[in-house]
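I opened my notebook today to look through a protein model step by step. Follow along with the structure beside you.

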Amino acid sequence: MIYADANATTPILPEVLDEMMPWLRDEYANPSGSHSAAKRARAAIDRAREQVAALMGAEPEEIVFTGCGTESVNMALHSFDALCGHGAAVISAIEHSAVLRCAENFSREVRRVPVGAGGRLELQAFATALEGAAFVSIMAANNETGVIQPLREVAELARASGLPVHSDAVQAVGKIPLDVREIGVDLLSLSAHKFHGPKGVGALYIRSGLKFEPLLRGGGQEAGRRSGTENTAGIVGMGAAAACAARCLTESGISQATSIRDVFEKRVLTEISGIVPNGDPANRLPNTSHLSFEQCDSAGLLILLDEAGVACSAGSACMTGKQKPSHVQLAMGIPEIRAKSSLRFGFSRLNTLEEAHAVADALKKAVEKLRHVQGPGVGPVVVYSA
Ligand SMILES: Cc1ncc(COP(=O)(O)O)c(C=O)c1O
């Protein structure tokens, strides 16, 4: 299989797995204990906290380990909702369902700020939405299109209005450099499995001095901010993945990821007719390519690509299997028919240029086959081959 679905999840790096193994096999002590084995687990967690903090310019005490990105988002929004008094919650129209579903539960007003055709937040509309608001949650980069949001400007405008900001940075962390102090956010969510760490472990950055209301109460782990016995192996894996990501986030590391994506895109755009790339090309994650294919249904393309040994997605992983076009594409003004013909390719540093070419070859064949079956003037059809 050629894996081109890195926005859904990424494979664990071998060196990350190596670091995790002792904590799964031999070192099983509860890090809250007082004996030597417990102290070793505690020290391993502390080291991972430093590694994760270093990836984003935070202090180790500002990092709280969680069970996933979704939990981090829920913790952040729960705390704001509990502590921020009256006023609206301001989010974007293209947030991940972790933010959207959580915000639906608020009894307060939720303002969804629109994005432009390129998938970037409309800053003027955002500034207007801050009037009478209580807090802000804007994602750092979109999971479907990869479009990077103007987070620094968002934080500046919110700060000028005295409002705290959370950012769902699950897709951005590890893919682009990100410094919480430079940006000026109060809370930031991340997830290990998006940057070659294990699944089932995430983190929430909580700015030092910010009042915080925990969602999970119990044994008081993570300085009372997230109770529950720590997932030592997962946390060690997240720390190791963060250290690897920090090393790779050099200019040459980013341009390597970009060149794999760009080789793929250049080939498909020149060799296949009727493709529209989606998302602001000047502000995209280096690994993401989001394309619409005239006269092709994304479900049909996914099947043909899967048969050819290529893994990618239609929209976000969470939308797969649902017939509705993605809210992200609709928010960008993409017509429904085009939204249902879009695929997302997510490359990672584990992909090779040869793989980028192989994905382009497979895609070319799949599009040709689907268009041949379908014929011009006929609406999109789903092709189920034997
Ligand atoms: C932008 C964004 N936020 C949140 C999440 C949820 O993260 P997790 O899978 O760790 O719960 C995802 C996962 O796809 C995501 O892409």
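Predicted model: local features only at pLDDT ≥ 70, side-chain atom pairs only at ≥ 80, totals over all residues.

**Entry 1: confidence.** The protein chain averages a pLDDT of 94, and 95% of the residues score at least 70.

**Entry 2: the ligand.** Which residues come nearest to the ligand? I found 13 residues around the ligand, with Cys68, Gly69, Thr70, Asn143 and Ser191 coming nearest. Helix α3, residues 69–83, gives the most to this shell, with three residues. I sorted the shell by type and got five nonpolar, seven polar and one charged.

**Entry 3: the domains.** I turned to the domain assignment next. Domain 1 covers 2–8 + 250–374, and domain 2 covers 14–248. Taken over C-alpha atoms, the centres of the two domains are 27 Å apart. Where they touch, domain 1 puts in 23 residues and domain 2 puts in 21 residues. On the domain 1 side, β10 (288–293) and α11 (327–331) each supply at least two residues. That side divides into six nonpolar, 13 polar and four charged residues.

Entry 4: I had a general idea in mind here: in soluble globular proteins, nonpolar side chains tend to be buried together. The largest nonpolar core holds 83 residues, and Val154, Val173, Ala203, Tyr205, Met238 and Ala241 touch the most other members. Helix α8 (residues 232–248) brings the largest share of this core, 10 residues. Both domain 1 and domain 2 contribute at least three residues each to this core. I picked out Ala203 and listed what it touches, leaving out residues up to four places away in sequence: Val52, Ile63, Val64, Phe65, Thr66, Ser72, Leu190 and Met238. I also noted a second, separate core of 28 residues, including Phe264, Cys296, Phe347 and Ala356.

**Entry 5: one residue up close.** I finished with Ala129, which sits in helix α5 (residues 123–129). Is Ala129 buried or exposed? I count Ala129 as buried because 21 other C-beta atoms lie within 10 Å, and the cut-off for buried is 20 or more. Setting aside residues up to four places away in sequence, Ala129 touches Val90, Arg111 and Val113.

Technical notes:
Residues numbered from 1 in each chain as written. pLDDT = per-residue confidence, 0-100. Near = placed C-beta within 6 Å. Helix = DSSP H or I, 4+ residues; strand = E, 2+ residues; numbered from the N terminus. Nonpolar A, V, L, I, M, F, W, Y, C, P; charged D, E, K, R; others polar. Domains from an automatic or database assignment. Contact = placed C-beta atoms within 7 Å. Core = buried A, V, L, I, M, F, W, Y, C linked by C-beta atoms within 7 Å. Buried ≥ 20, exposed ≤ 12 C-beta atoms within 10 Å, placed from the backbone.
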